[in-house]
Amino acid sequence: MSTTGNVERALLTQLQAGHTAETSPLLARVLRNNRIVLHNYKAATIRDCRCDLEGCDRGFAIVLLPNQTLYPRYCAAHRTEHRRALHRARLAAAST
Ligand SMILES: [Zn+2]
């Protein structure tokens, strides 16, 4: 059994128990870089998403896989915390 599968199972258990990122350290940690997409697709399915970073709003495609609920939260340009910090710094500089 893969580690990813174990994490997903633990996440789903916490979601079903009514936990949120505020009450579950695991959910908080995972949701920093990922989004949870609950679906019942039995075959790989492409879905369009929006980058979750404020001021980006770039679209990107994710491939929903059977039995997988964790997908990237940010577009390819903002996958790392470093790139997001640069983006936020630029936004802050532009608004002053
Ligand atoms: Zn982005």
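This is a predicted model: local features need pLDDT of at least 70, side-chain atom pairs count only at pLDDT 80 or more; totals for chains, interfaces and linings use all residues.
Strand β3, residues 59-64, lies largely in the open, because the number of buried residues among its six is zero; buried here means that 20 or more other C-beta atoms lie within 10 Å of a residue's own, exposed means 12 or fewer, and partly exposed is in between, with C-beta atoms placed from the backbone. Residues are numbered from 1 along each chain as its sequence is written.

The partner of β3 is strand β2, residues 45-50, and the two pair in the antiparallel sense over six bridges, where pairing requires that DSSP finds at least two bridges between the strands. Within this pair, Arg47 stands opposite Ile62 in β3. Strands are DSSP runs of E of at least two residues and helices are runs of H or I of at least four, numbered from the N terminus.

Let me turn to Arg79, which sits in the loop between β4 (70-72) and α3 (81-94). Arg79 is partly exposed, because 14 other C-beta atoms lie within 10 Å. Leaving out residues up to four places away in sequence, Arg79 touches Pro72 and Tyr74, contact meaning that C-beta atoms, placed from the backbone, lie within 7 Å.

Finally, the domains: the assignment, automatic or from a database, gives domain 1 (1-32) and domain 2 (36-96). Their C-alpha centres lie 18 Å apart, and the contact takes four residues from domain 1 and four from domain 2.

Notes
Two residues are in contact if their C-beta atoms, placed from the backbone, lie within 7 Å.
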